[in-house]
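Please look through the sequence and the model below. The report after it covers the overall build and then a few local features.

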Amino acid sequence: MTASPRTARPGRALRAPVATRSNALPAGAWWLWALGLATAASRTSNPLLLGLLVGVAGYVVAVRRTDAPWARSYGAFIRIGLFVVGVRLLFSVFLGSPIPGTHTVFTLPEVPLPDWAQGVRIGGRVTAEQMLFALYDGAKLATLLICIGAANSLANPARLLKSLPGALYEAGVAVVVAMTFAPNMVADVVRLRTARRLRGRPTGGIKAVLQIGLPVLEGALERSVAVAASMDARGYGRTAQVPPAVRRTTNVLVLGGLLGVCAGTYGLLATQGAVYGLPLLLAGLVAAMTGLRLGGARSVRTRYRPDRWGARAWLVAGSGAAVAAAMIWAGSADTAALHPGVVPPTAPVFPLWPAAAVLIGLLPAVVAPAPSAVAVADSEEDQ
């Protein structure tokens, strides 16, 4: 007797559904998850934890990104991160570092500087301590960039634009032109290069670039402007009349709230500002959201298929927040484990509790709707 599909596959109900237009995660959930990982990366210089954060972000991107053109940007962010690490090391070697050290690696010729440039040097002695500090510092910044790259690869920019508050709809038209210009230009370059190759014409060199450049720029700009014009024809930028007092109150709340968000974010990222960072961030968010809510009264457009925050979206966003909160708490409880010493150089340890907290960031790989390719692979394994 052949078992029914329901009894043969008991784990099917526990798997994430296939991503469709109706159940796709809001772009804001992916950004909150990525910002949580980035906040956790800013609280530690331990290369083992930073590597674990990169691995978590990379795994989620690998199993949950789609085949859209904007989903292929993760590799570029990895290359940018490696470039940042290299630049940080070069700056430390050629411009010196305030980190004292006794283990000399090599010595460069030092350029004499005038008296008014005290504290700045070019060349001189390069120590292992300063290079190790530069490596940790560059790895932290690279991890921040890679986490942001994960959000760019997973969050649909069009759905993110749809989620803009009503007060920002006018700027959304310009954002659409900017966001569609580059993809259209890349598509035109590929199309024209293919056409020239089929005709036996060269596709490289200055002459070919000049012959391709003008049609590419003209076509990409025309299509981007056409998109903006169609949005304007549908009433995307229409505004209603509001009292002057409401406009002034909106401006004060939005500007004050954004300043509070910037100051609170800086406090959370800085080790000494964790006490005042969270209250400032919350107060700034409340003020900014109130201002955007009031400013949204000027918009008279309707929203088609708004993104809905379901349980899966909250789990994805909450996993990033949990990683950030756990890393902030671990930084106050065990600073030495999260920041390995460089004077004298000490081998970084692998703290178990912070590492376990970082693994919470893998939750989107389980609960987020799976792309169709992942779903097809799963079905082939079950057969």
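What follows is a short tour from the whole chain down to single residues.

**Basis**

This is a predicted model: local features need pLDDT of at least 70, side-chain atom pairs count only at pLDDT 80 or more, and totals for chains, interfaces and linings use all residues. Residues are numbered from 1 along each chain as its sequence is written, and side-chain values use heavy atoms, with hydrogens and water left out.

**Overall build**

The protein has 15 helices and two strands. These are DSSP runs, numbered from the N terminus: helices are H or I with at least four residues, strands are E with at least two. The protein has 383 residues, and 34% of them count as buried. Buried means under 20% relative accessible area, exposed means over 50%, and partly exposed lies in between (1.4 Å probe, protein chains only).

Accessible areas come from the Shrake-Rupley method with a 1.4 Å probe; for residues, only the protein chains shown count as cover. Among contacts with a separation of 6 or more, 79% join residues 24 or more positions apart. A contact means heavy atoms within 4.5 Å.

Helix α2 spans residues 27-42 and includes Gly-36. Gly-36 has a relative accessible area of 5%, so it is buried. Leaving out residues up to four places away in sequence, Gly-36 touches Gly-320 and Ala-324.

Which kinds of aromatic pair does the structure hold? There are two aromatic pairs. The rings of Trp-30 and Trp-33 are edge-to-face, because their planes stand at 80 degrees, with centres 5.8 Å apart. Trp-309 and Trp-314 form a tilted pair. Rings of Phe, Tyr and Trp (its six-membered ring) pair if their centres lie within 6.5 Å; planes under 30 degrees apart count as stacked, over 60 as edge-to-face and the rest as tilted.

| Pair | Centre distance | Plane angle | Class |
|---|---|---|---|
| Trp-30 and Trp-33 | 5.8 Å | 80 degrees | edge-to-face |
| Trp-309 and Trp-314 | 5.0 Å | 50 degrees | tilted |

Trp-30 and Trp-33 are three residues apart in helix α2, so about one helical turn separates them. Both Trp-30 and Trp-33 are buried. Trp-309 is partly exposed, at 35% relative accessibility. Trp-314 is exposed, at 55%.

**A buried arginine**

Arg-64 lies in helix α3 (residues 47-64). At 10% relative accessibility, Arg-64 counts as buried. A polar atom of the Arg-64 side chain lies 2.9 Å from the backbone oxygen of Ala-368.

**A nonpolar surface patch**

Leu-90, Phe-91, Phe-94, Leu-95, Val-111, Leu-113, Val-120 and Ile-122 form a nonpolar patch on the surface, with about 710 Å² of accessible area together. Such a patch joins nonpolar side chains (Val, Leu, Ile, Met, Phe, Trp, Tyr) within 5 Å, from residues with over 30% relative accessible area and no salt bridge. A salt bridge is a side-chain nitrogen of Lys or Arg within 4 Å of a carboxyl oxygen of Asp or Glu. Helix α4 (residues 74-95) gives the most, with four residues. Leu-95 belongs to helix α4 and is partly exposed at 44% relative accessibility.

**A cis proline**

The peptide bond from Val-343 to Pro-344 is cis, with omega near -5 degrees. Pro-344 sits in the loop between α12 (335-338) and α13 (352-358).

Notes. Polar contact = N/O pair within 3.5 Å; in protein donor to acceptor, adjacent residues only side chain to side chain. Patch = residues over 30% accessible without salt bridge, like charges linked within 9 Å, V, L, I, M, F, W, Y side chains within 5 Å.
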